[in-house]
Amino acid sequence: MVPQEAYRPDAGAMTTAIHVRGLTKRYGDVQAVGGLDLEIQKGEVFAILGPNGAGKSTTVEILEGYRKRDSGEVRVLGIDPQKPTREWRAKLGIVLQTANDAAELTVRETIRHFAAYYPMARDPEEVIAKVGLTEKADVRIRKLSGGQRRRVDVALGVIGNPELLFLDEPTTGFDPEARRQFWDLIKGLAAEGTTIVLTTHYLDEAEALAKRVAVIARGRIVAAGDPATLGGRATAKAKVTWADGLVETDTPTRTVLELSRRYDGEVPGLAITRPTLEDIYLTLIEAPE
Ligand SMILES: Nc1ncnc2c1ncn2[C@@H]1O[C@H](COP(=O)(O)OP(=O)(O)OP(=O)(O)O)[C@@H](O)[C@H]1O
C-alpha cells in the first residue's frame, strides 16, 4: 500500500500563497535584496515594513513578475513569476505606487473598461461603492484629488476579483477618514478569503490589518511575526510613569499597588506603557548587522 502522505505531496503548496528562499537582487553596486526568505499562507493579510531603500518594492516586483531575480527560489500561487501564465496573471491584483494615467475617462468608464479584461471580474458598481467613489463615478479622473485617484487605483487592483492582492503603499495621500474606509475595504476582502500583501510606512495600518508583518532592512528580513509580539514586544518591560517618577518593570501591577499605598490612594499622572510597534520597528531597523 502507498503511504498516506504519498497522496498529498502538494499539501503545503495548496495552503502556501508565496514561498521565497534565498532571494537576491543586485543593481550594479547596490545589493537591493540579499538572501530573503518569506512564507505567506493563503488567506493571510501580510504587511511588509521597512525604511526607504530597504528592498521592499524590489521584492514585491519580483513576486509580481515585473522584475527578474538574480538567484533564489520563488513561487507565487504555485508558479515561478518569471514564467507567468495568463491564468496566473488573472489571479493577481496589483496596486502600484504610481497612479494610473487614463485621466480623460470617468471613474465608471475606467473601472468598466478594466473589468472587461478579467474572466471573474467583480461588478464595477459594487467596486466603485466599496472604494467610496459612488458620488464621483461620472467625474473624469483628472478632476479627482490625489486621495480619490488612489482609490481608483485600489478599485482597479480588486476589479478582477484577485486571489492574491498586492498593495504598495496604498493609503499614501489619504485623509484619516478615507484611510479608515480603506481599512474596512481590506478587512472585507480578507474576510472573503483574498490573500493580501501590503507594503506600508504606516505602522498603525500594519497593526490594524495584518496578522503577520515582516520588517525588511538592508535587503533582508530582520524580524517577522504577529505585530502584537514582534521583537519581544509583548514581553518587554512596562514603563510606569507618574508625576514624580518613572520605573521600568516586569511587574507593573505591583509597582502601581506600592505607589497607591505611598500616595494613599490616587497616584498623580499615572500611566503604564509598553513599547509600541513603532518603538520595536525603530530598534529593529537601527540594529547593527
Ligand atoms: N531600477 C533600479 N536601478 C538601480 N537601483 C535601484 C533600482 N530600483 C531600486 N534600486 C535601489 O535598490 C535599493 C532598494 O530599493 P527598493 O525600491 O526595493 O526599496 P524600498 O524598500 O521599496 O524603498 P521605498 O520605501 O523608498 O519605496 C535602493 O538602494 C534603491 O536605490
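I began with the ligand shell and sorted its residues by class: four are nonpolar, six polar and one charged. I note that this is a predicted model.

Next I listed the shell by name. Around the ligand I find Tyr-27, Val-30, Ala-32, Gly-50, Asn-52, Gly-53, Ala-54, Gly-55, Lys-56, Ser-57 and Thr-58. The largest share comes from α2, with three residues.

Then I looked at the whole protein. I count ten helices and twelve strands. The C-alpha atoms fill a box of roughly 70 × 60 × 50 Å along the principal axes. The protein has 289 residues, and 33% of them count as buried. I also checked contacts with a separation of 6 or more: 67% of them join residues 24 or more positions apart.

Last entry: Asn-161. I found Asn-161 in the loop between α6 (146–158) and β6 (164–168). Is Asn-161 buried or exposed? Asn-161 has 20 C-beta neighbours inside 10 Å, so it counts as buried. The cut-off for buried is 20 or more.

Which residues does Asn-161 contact, leaving aside its neighbours within four places in sequence? I get Tyr-118, Met-120, Ala-121 and Arg-122. I also took the distance from Asn-161 to Pro-119. The two are 42 residues apart in sequence, and their C-alpha atoms are 9.2 Å apart in space.

Notes:
Residues numbered from 1 in each chain as written. Predicted model: local features only at pLDDT ≥ 70, side-chain atom pairs only at ≥ 80, totals over all residues. Near = placed C-beta within 6 Å. Helix = DSSP H or I, 4+ residues; strand = E, 2+ residues; numbered from the N terminus. Nonpolar A, V, L, I, M, F, W, Y, C, P; charged D, E, K, R; others polar. Buried ≥ 20, exposed ≤ 12 C-beta atoms within 10 Å, placed from the backbone. Contact = placed C-beta atoms within 7 Å.
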